[in-house]
Amino acid sequence: MRIERFEFDAAYIQRLVSADPETERHFTEYFGRLLTVKLRSRLRTAAQVEDAKQETFVRVLTALKEKGGIQAAGSLGAYVNSVCNFVLFEMYRGGARTTPLGDEYDEMDTREGSESTLIAGEEREKVREALATLPQRDKDLLRWVFFEERNKDEICRELGIDRDYLRVLLHRAKNQFRTKFAELSR
């Protein structure tokens, strides 16, 4: 599937902020196709893919409408991708807490349910393995931001860095994690 690249400008962002129906339709169709391609390789079901897409759209549109919004219209695609990555981390983390175990699962124990649980367990194990291969600083950073949801200013103070450099470190750590996770998923 080939998707024609679209150049975003300040007028487009303003139309999104103003809730222009045609612009919102374009936004959800354009990014919907891109996110579907990305999410299919990372999530098990079509429902999870759809949930992740919708959550990403809601968060991006909400952020655009907040004071400050996105400063550079050309960065909209990267912002949507980053929000989607965060939603994925939350889904992975949430899956670890909500997967039924033990007696509660006995009455749901069907072939399909058992396979889903097995796949979820394998996914969590791959996440753990991928994290284990990262340098300690990257592991700490990902844990603090995505699992403990610590304040980024607090993290900056602890590491003795500014917010811009934290963004760089976090980007690098996420890329290393993605690479390791992809290798383990093959």
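I13, L16 and V17 of helix 1 touch L61, L64 and K65 of helix 3. By class, that contact counts 5 nonpolar residues, 1 charged residue and no polar ones. Keep in mind that this is a predicted model.

How do the two helices sit against each other? Helix 1 and helix 3 pack with their axes 9 Å apart, at an angle of about 100°. Angles of 65 to 115 degrees count as roughly perpendicular, so helix 1 and helix 3 are roughly perpendicular to each other.

Here are the two partners side by side:

| Helix | Residues | Residues in the contact |
|---|---|---|
| Helix 1 | 10-17 | I13, L16, V17 |
| Helix 3 | 46-65 | L61, L64, K65 |

Now for helix 1 itself. Which of its residues are buried? Y12, I13 and L16 are. These residues span an arc of only 100° around the axis, which means they lie on the same side of helix 1. The general rule behind this is that an α-helix has 3.6 residues a turn, so residues three or four places apart point the same way. Two of the buried residues, I13 and L16, also turn up in the contact with helix 3. After helix 1 comes A19, which has a positive phi, near 60°.

Zooming out, the protein has 9 helices and 0 strands. Of its 186 residues, 35% are buried. Looking at contacts between residues at least 6 apart in sequence, 65% join residues at least 24 apart. The protein exposes about 11600 Å², and carbon and sulfur atoms supply 51% of that area.

Conventions. Residues are numbered from 1 along each chain as its sequence is written. This is a predicted model: local features need pLDDT of at least 70, side-chain atom pairs count only at pLDDT 80 or more; totals for chains, interfaces and linings use all residues. Side-chain values use heavy atoms; hydrogens and water are left out. Axes are lines fitted to C-alpha atoms, for helices over the stretch in contact, and angles run from 0 to 180 degrees between N-to-C directions. Helices (H or I, at least four residues) and strands (E, at least two) are DSSP runs, numbered from the N terminus. Angles under 35 degrees count as roughly parallel, over 145 as roughly antiparallel, 65 to 115 as roughly perpendicular and the rest as oblique. Contact means heavy atoms within 4.5 Å. Ala, Val, Leu, Ile, Met, Phe, Trp, Tyr, Cys and Pro count as nonpolar, Asp, Glu, Lys and Arg as charged, and the others, Gly among them, as polar. Buried means under 20% relative accessible area, exposed over 50%, partly exposed in between (1.4 Å probe, protein chains only). The arc is that of the directions from the helix axis to the C-beta atoms. Accessible areas come from the Shrake-Rupley method with a 1.4 Å probe; for residues, only the protein chains shown count as cover.
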